[in-house]
Amino acid sequence: MRIEARHKNDIVIFDLEGEIKRSDITDVTLHQLVKEQLDSGKRKIILNFDAVEFIDSFGVGEILASYISTHNLGGKLKLVKISKKLFLIFQVTMLTKVLDIYEEEETALKSFF
Amino acid sequence: MAKNRLRSALSHVVDLKPGEEVIAVFLFLYFFFITSPYYIIKSLRNASYLSGLGDEKLPLAYFLTAILMGFIVTFHSRLQVRLPRSRLIIFSLVFFFSNIILFWWLFERGWKWVPVVFWVWANIFAIVLVTQFWILVNDVFNPREAKRMIGFIGSGAQLGAILGGFLAGVLAKKASGLLLPLAAGMLGLGILVVSAIFKRQRQKTEETDKEAGGKPSRPAGKVGFRDAFETTRKSPYLVLLSGIMMATLVVSTLIDWQFNSIVQNKVAGGEHNLTSFFGYFNAGTMFFAFLFQLLLTSPIIKGLGIRGSLLLYPFILFVGTGGIGLAALAGVITLAPAILIKASDKGLAYSLNQSVRELLYIPISPEQKYKSKIFIDMFLNRFAKGLGAVILAVLLWLVPRAPGNQGGQGAIRYISLIVLAIIAVWVFLNFRIGREYANLVKAKLQKQYERGDLLVDQRLDVDFTKLVFDTVESKNRSSVLYSMNLFDLIRRDKLTPEVRKLISYRTDEIRAASLGGMFEQTETGLGPQTEDELSEDVLKKEVSEIMNLDVYQDVMKDYLEKTLADKSAGAEVARMEAAKAIGFMGSRAPLAGKLEDLLEDESPDVCRYAILSAAALKRRVDVPVLVQKLKSPALREDAMDALRKFGPRIAGTMSDYLADRGEDTELRKTAAAILASIGTQEAADYLSWELTGAGDALVDEVIDALDRIRTADSRVRFPGETIRLMISKETRLYCQDLVDLHSGVQPLEESASRRREKRLSDSLWNIFKLLGLIYPQEDMIKAYQNLKVGTKNSIAYSLELLDNILERDIRDVIFPVVEDLPLEEKVKRCRNLLAGFRSGRDSAG
């Protein structure tokens, strides 16, 4: 898994690529990267799943942990371009009720304002 | 009116039902009019042979009879192929009638060969006519009818024998020339009686055929001797019957020799005294057989059943011949035991044994019956007697050479040993055939229908059906709920192509935002496979893992609390989603605790989803709430299904509710049904404990629950004493309702009458369910169903089955209730039974 961070104004966009799974843990996890941004004062975070091929429950756990950390600090975490199957899992697990999910990055960016 | 008087007169000696009077009397007369001429003929046969040729020539007569019997059987079989049964029997009677006239003329000529021919002919006369008589009896009656009437009908033979012997004795000295014309006259009356029987049978058959839509009621039997032999050989039951017949006749032959040997040594005074002794003895034996047949045969068969009755005859002979053997060993043989054993042998052979043997033919098909009777009664009979004679001859040849032999006494004790051994084999065969008889009767009964609840259980997955409905219904309600329901189908491996088709019907109505459509494509749907497909196994695994993540529980906590707190109408769907989602979590998940609130939700829809999730999680803490839901008509079924899923863990809890007299009755009934679903020995024990104290409101449900447990697992055991007590109780209720309904003292109102009728029906079903707990359940169901909806024969076979299976104490209690009796008689028997119950209670008190 590769994670690149971009910044647009005060919004941090994480471009995720590859597979987010338990068996493929890197030295720095998504949650740690989000926390680093939170520690640096960022409160608006977007996770871009456009290039994500696969995500397992570990990956979902990372997303949720990131969501909690952001939320606990009064921030917002939004998801964009998630695959249909991830959306399906989010629906079944009712996470669509909690997470902010957008089809396009632009829409997600606008939603912060 | 005349029939009623006849039935009333006969009711002292035979248990008849309306419509049976005439045929019973006809068959009695038929047997009477073939045995009375035979006993005249038999006397003449012995006298003419002994005076003409002497006893040293008797082996010739035995030999000729044995040889000719084979030919006669073959000839008779061929006639049977060509002639209908009625014509064959009447033809035979007319043939023997004309033969008697012919012999009358031949005896006048004084030719020396006539007694030899007459001897052989007389034996053929007896065998053919008696065999035909029993074939007709088997055709006319079903087992129940035969069992009731066989004693009476069979007594016609004894009475005929006594009369025939008596007439021969009286007329032989004064007018011997009249004996044969008299025998012919009696046989002529027999022909008239048989003609009347067939005329009556034809009328009945036509009526039956009309009722059956024109189908002939019985196939005509057309077989030869080879077929008769093959039919017997191929049926294990008939082979057993043949074995019993052989054993009986061999034993009888050996006992006959023992008797003759003792009489020869003990009765002094020459040939006249010996003849006089045999004359008195034969008359006395036949009189004993007559009284036994008339008074004891039916009660014994009814009391002991076929199996018990089968053992009585060999048991008596075993004791008798054993006693004679011991007496011979001690050297103290007297005439009295010899008379006793011979009288028992002949008396029982012509009464009880004959009747029981004929009853054994009844469960087999008319064709098999006819074929095998020809072989067994005509051929095997002679063969067995011949075999007995051979065994005797070999023994008598060997025994004088044995050390310590003391003439006749030495042979007697060895023969006793042989007889005891053969009786042991005979008893073994009797046990086997008793079991086979019951199996054949069972095979005659078809199960009419399956229990509805069982059919539903077997053929329908109710949970799955409900889920499909929920899925379809949730389509327009919420995409999340729809997705979750679809996932639930996947989780259970139930999202088959057919189900996909069903739930995707009118998909245009679904919101595009719903990704439910994804389920309807490729592997998880209906479309072509793509790389984006999500395998069902991965989906199941992922969702399960995600929902059990601590972080997921944390994330969802706030959302669920807010959702549950929002009681507005618009939030109902969100609460339903929450309730559904919790069902996918582990039972130890922190959010699973939210189910308690959702189970108390005021919305039945939310509550229902919560109940389904509670069923999935099976948390003990949810049981009390689920039990309370049993009181709600809208949620009872779902709550019941949920509690069922807890299984044996909640058997004790359910039994507490069942036993709690202060609880809601509907709730207690449902508790019984849940215990039935749990179905363990423990659940059965709880229900059994509650059985006697269940009270009117609950007893049907408790009995039904026990019945279901028995159906599901035949290994579960039930307390016999309690069940018997309940059978008595239900029978008493049935009798009381029947008496109240039909006592005629105070007519009941229509609604009260209908209630009683229903209770009668319920009580009867309860009785059979209870019987099924301590007897083979399948047999009890067959018996019940055939009693309820069966034809006359089905009812008869049901009763026969019960008669063979039930123990006497239970039979005595329930037969007044189940027996096919006229209403008036049934009410009378119920009254007697109630009086019996009352006096039993009083004496116990």
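Student: How do α29 and α31 of chain B pack, at what angle and how far apart are their axes?
Tutor: In this predicted model, helix α29 (residues 696-712) and helix α31 (residues 750-774) of chain B pack at an angle of about 40°. Their axes are 9 Å apart.

Student: And is the crossing of α29(B) and α31(B) left-handed or right-handed?
Tutor: α29(B) passes α31(B) in a left-handed crossing.

Student: Which residues meet there?
Tutor: On the α29(B) side you'll find B:D700, B:I703, B:D704, B:L706, B:D707 and B:R710. They meet B:D762, B:N766, B:K769, B:L770, B:G772 and B:L773 of α31(B). By class, this contact has six charged, four nonpolar and two polar residues.

Student: Let's zoom in on α16(B). How does α3 of chain A pack with it?
Tutor: Helix α3(A) (residues 84-92) and α16(B) pack at about 95°, and their axes are 8 Å apart. That angle is why α3(A) counts as roughly perpendicular to α16(B).

Student: Which residues make that contact?
Tutor: From α3(A) come A:L88, A:Q91 and A:V92. From α16(B) come B:S479, B:V480, B:S483, B:M484 and B:F487. By class, the contact has five nonpolar and three polar residues, with no charged ones.

Student: Where does A:M94 sit, then?
Tutor: A:M94 lies in the loop between α3 and β5 (100-102) of chain A.

Student: Buried or exposed, and why does A:M94 count that way?
Tutor: A:M94 counts as buried because it has 27 C-beta neighbours inside 10 Å, and the cut-off for buried is 20 or more.

Student: And what is the phi of A:N9?
Tutor: Phi of A:N9 is near 55°, again a positive value in a residue other than glycine. A:N9 is in the loop between β1 (2-8) and β2 (11-20) of chain A.

Student: Is A:N9 buried or exposed?
Tutor: A:N9 counts as exposed, since it has 9 C-beta neighbours inside 10 Å and 12 or fewer means exposed.

Key:
Residues are numbered from 1 along each chain as its sequence is written. Chains are lettered from A and ligands numbered from 1 in the order in which they are written. This is a predicted model: local features need pLDDT of at least 70, side-chain atom pairs count only at pLDDT 80 or more; totals for chains, interfaces and linings use all residues. Axes are lines fitted to C-alpha atoms, for helices over the stretch in contact, and angles run from 0 to 180 degrees between N-to-C directions. Helices (H or I, at least four residues) and strands (E, at least two) are DSSP runs, numbered from the N terminus. Angles under 35 degrees count as roughly parallel, over 145 as roughly antiparallel, 65 to 115 as roughly perpendicular and the rest as oblique. Two residues are in contact if their C-beta atoms, placed from the backbone, lie within 7 Å. Ala, Val, Leu, Ile, Met, Phe, Trp, Tyr, Cys and Pro count as nonpolar, Asp, Glu, Lys and Arg as charged, and the others, Gly among them, as polar. A crossing is left-handed if the near helix is turned anticlockwise from the far one by less than a right angle, and right-handed if clockwise.
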